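Here is a short report on strand pairing, aromatic contacts and charges over rings. Please keep the model open while reading.

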Amino acid sequence: MELRHLQMLLAATGDYAGGIDGIFGPKTEAAIMAVEARHLADYTFDPTTTTTARRHTACAQACLNQLGHDAGLVDGWNGVFTTEALNAFLFETTNGQSEVVTRHPVANPTAGNGDIPHQNDVSTYYGNPGDDIKSQLVTIEVPFDLRIDWNLRQKTRKITVHRKASEQLLAALTAVEAHYGSDAMRELGIDRYAGAYNHRKMRGGSKWSMHAFGCAIDFYAEPNGLRTRCPQALFCGSDYKDFLDIMEAHEWLPAIRLWGADAMHFQRARI
């Protein structure tokens with residue numbers, strides 16, 4: 001987290017009136033402490049007992065959430081939620097309006113096989129975001145470790161998704177591990193889990209995200225970002241073709257084959 005960006009956030013929340021100069025002084029420190037005091041209940045850790053970098057990131061997350069840019073948990077780890085929330089804040093600050101991220105279908109977008117709903121029909125198929133979707137969520141457990149993308153020291157085997165998409169996802173990831181093996185998955189970054197169910201709107205849009213329906217999952221966010229297209233996106237490389245093919249064969253469609261960007265993203269919904 002760049003200190004200048006944190007100072008901009010602190011200024012936007014009314015906690016800081018100093019220069020946006022990237023210099024850590026008493027005004028910046030006082031502003032950070034004010035945010036921590038106001039939002040301490042939202043913190044997942046004690047911000048006074050960690051590194052400076054993590055403390056600054058957590059303060060930025062608290063500010064972003066206060067300003068209406070969903071950064072997720074106030075945990076001090078700089079992942080895709082924090083990055084995209086900051087991008088949205090900076091775009092709005094610079095341009096005076098919210099960014100619109102277009103997701104136009106590619107020519108002949110993949111449709112997959114099976115009973116996969118179209119995005120326009122997900123409310124009918126999965127339910128409505130909120131309590132309706134939450135009542136239909138299940139947690140699957142994959143037979144191998146996934147590293148958390150924004151904190152690689154943390155691992156999980158559990159993923160929460162909609163029950164109508166759970167069997168297909170478990171089968172897909174089991175097949176991916178059987179094909180690549182854990183060592184190759186780790187080397188390629190395929191094991192870097194960046195989130196599944198999340199009750200939020202689309203980044204750069206006003207509609208509900210597929211994550212809010214429990215039918216989306218992300219992997220290895222940084223080199224496969226929201227706006228990144230082929231050939232720049234890592235998952236466009238030849239080493240990842242089988243990964244995309246396996247996910248698609250199990251009804252989890254790669255966004256890079258739907259709207260040509262956001263290669264981190266897979267969803268059990270057609271476009």
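## Hairpin

Strand 1 (residues 137–148) and strand 2 (residues 151–162) run antiparallel and are joined by 8 bridges. Strands here are DSSP runs of E with at least two residues, helices are runs of H or I with at least four, and both are numbered from the N terminus. Two strands pair if DSSP finds at least two bridges between them. The two strands form a hairpin, with 2 residues between them. Ile148 has Asn151 in strand 2 as its bridge partner.

## Basis of the model

This is a predicted model: local features need pLDDT of at least 70, side-chain atom pairs count only at pLDDT 80 or more, and totals for chains, interfaces and linings use all residues. Residues are numbered from 1 along each chain as its sequence is written, and side-chain values use heavy atoms, with hydrogens and water left out.

Strand 4 and strand 6 run antiparallel and are joined by 3 bridges. Ala216 stands opposite Gln267 in strand 6.

## Aromatic pairs

A pair of aromatic rings is described by the distance of the centres and the angle of the planes. Rings of Phe, Tyr and Trp (its six-membered ring) pair if their centres lie within 6.5 Å; planes under 30 degrees apart count as stacked, over 60 as edge-to-face and the rest as tilted. By this rule there are 8 aromatic pairs. Phe219 and Phe266 are edge-to-face, because their ring centres are 6.1 Å apart and their planes stand at 75°. Phe219 lies in the loop between strand 4 (216–218) and helix 9 (241–249), and Phe266 in strand 6 (residues 265–267), so the pair ties together parts that are 47 residues apart in sequence.

Both Phe219 and Phe266 are buried. Buried means under 20% relative accessible area (1.4 Å probe, protein chains only), with exposed over 50% and partly exposed in between. Phe235 and Tyr240 form a tilted pair, at 5.1 Å centre to centre and 40° between the planes. Phe235 counts as buried because its relative accessibility is 1%. Tyr240 also counts as buried, at 6%. Ring pairs link Phe219, Phe235, Tyr240, Phe243 and Phe266 into a cluster.

## Charges over rings

A charge sits over a ring if NZ of Lys or CZ of Arg is within 6 Å of the ring centre and within 35 degrees of the ring normal. Arg54 lies over the face of Phe45, at 3.9 Å from the ring centre. Lys201 lies over the face of Trp208, at 4.9 Å from the ring centre.
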